[in-house]
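This report describes the architecture of a single protein chain. The sequence and the structure are shown below, followed by the terms and the findings.

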Amino acid sequence: MNRRDFLQKTIALSAATMVGTDIFAAKKLKTFGCQLYSVRDLMPKNAKGTMEALAKMGYELFESYSKDPFWGMSADEAVRFLKDIDVRMISTHLGLADINEALVEKAAKVGLEYIICPAIGPQKDLDAWKQKASEFNMRGELCKKYGLKFGYHNHSYSFAFVNGLKGQKVLLDNTDPSLVCYELDMCWSEAAGENTIDHLKQYGNRYELCHVKQLVEKDPKPKQTDLADGIIDYAKLLRAAKDNGMKYYLVEQEQYPVDSITSMKNDAVFMKGLKI
């Protein structure tokens, strides 16, 4: 090999290495959203104004909550309002008892993709967890009728090892993937001592949404703070979520160093700068 051929091959190899490095380089999230429960002190007083303020912070996706997730608006009004502030409402939290056909139909008209059960409480034994899984499948059938998916949002008790089992695993193993998906609240999985990354590697195809919520401490009782100031490494966790098929990243915060709106501003800045 002459000197010129050697140099050309060396340059080509270096270029290929740089391209490969760029492909896997950490990048900023293109889109992120928030769970409106984060500003539950403001929503009942001025829902539209609060949503407008969140949109201006950079939240492009909303997950609603409450028995009236559209805050007094008709389906058409909600569609117009969300379009005006350039936000997509992709999901809402609803208790199992509140999920009915009229509401699911309205959610579909507004453009939601998911109806999420936010909590079921600890279950006493294997049969009780399986019964909840059966209920999830039934709600999934109703949601599927209107082109939506039913999902479940975990708390720490879902990952607690009690009576020889983890409820979250029972739910995952006994629900139909075509009917039921999951929303991973990483704060609560971490608070329970779960290895969230290993869990995502095993069950990542079942999780389509996640809650991004920060802990300042786990013990003796979990305490939350703004995203930039806690102990959970979200660059690492969200990279694992992305690698395992996560679709939507939603900020949620329930405890605040100052107040809810200040924390949501701080969290938006964090999410804009985060590279995964």
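## Terms and basis

A residue is called buried when its relative accessible area is under 20%, exposed when it is over 50%, and partly exposed in between (1.4 Å probe, protein chains only). Helices (H or I, at least four residues) and strands (E, at least two) are DSSP runs, numbered from the N terminus.

The model is predicted: local features need pLDDT of at least 70, and side-chain atom pairs count only at pLDDT 80 or more, whereas totals for chains, interfaces and linings use all residues. Residues are numbered from 1 along each chain as its sequence is written, and side-chain values use heavy atoms, with hydrogens and water left out.

## Overall architecture

The chain contains 11 helices and 12 strands. Its C-alpha trace spans about 75 × 50 × 45 Å along the principal axes. Of the 276 residues in the chain, 48% are buried.

Contact denotes heavy atoms within 4.5 Å. Among contacts in the chain with a separation of 6 or more, 76% are between residues 24 or more positions apart.

## Helix H11

Helix H11 covers residues 260-273, 14 residues in total. From first C-alpha to last it reaches 20 Å, close to the 20 Å expected at 1.5 Å a residue; the expected span is 1.5 Å times one less than the number of residues. Its buried residues are Ser 260, Ser 263, Met 264, Asp 267, Ala 268 and Met 271. Seen down the axis of H11, these residues fall within an arc of 140°, so they line one face of the helix; the arc is taken from the directions from the helix axis to the C-beta atoms.

The buried residues of H11 pack against strands E1 (33-35), E9 (207-212) and E12 (248-251), and against helices H2 (47-57) and H10 (234-243). At the start of H11, a side-chain oxygen of Asp 259 comes to within 3.4 Å of the backbone nitrogen of Ile 261.

## Nonpolar cores

A nonpolar core is a set of buried Ala, Val, Leu, Ile, Met, Phe, Trp, Tyr and Cys residues joined through side-chain atoms within 4.5 Å. The largest has 77 residues, of which Met 51, Tyr 59, Phe 62, Leu 238 and Met 271 touch the most other members. A second, separate core of eight residues includes Ile 90, Tyr 114, Cys 181 and Leu 209.

Thr 50 lies in helix H2 and is buried, with a relative accessible area of 7%. Not counting residues up to four places away in sequence, Thr 50 touches Val 39, Leu 42 and Met 43.

## His 153 and its surroundings

His 153 belongs to strand E5 (residues 149-153) and is buried, at 3% relative accessibility. Its side chain reaches the backbone oxygen of Pro 118 at 3.0 Å. A polar contact of 3.0 Å also joins the side chains of His 153 and Asp 185. A polar contact is a pair of N or O atoms within 3.5 Å; within protein, one must be able to donate a hydrogen and the other to accept it, and residues adjacent in sequence count only if both atoms are side-chain atoms.

Beyond its neighbours within four places in sequence, the contacts of His 153 include His 93, Cys 117, Glu 183, His 211 and Glu 252.

## Cysteines

How many disulfides does a search of the whole structure find? The search finds zero, a disulfide being a pair of cysteine sulfur atoms within 2.5 Å. For Cys 34, the nearest cysteine sulfur is that of Cys 210, 13 Å away. For Cys 117, the nearest is that of Cys 143, 11 Å away. Cys 34 is buried, with a relative accessible area of 0%, and Cys 117 is likewise buried, at 0%.
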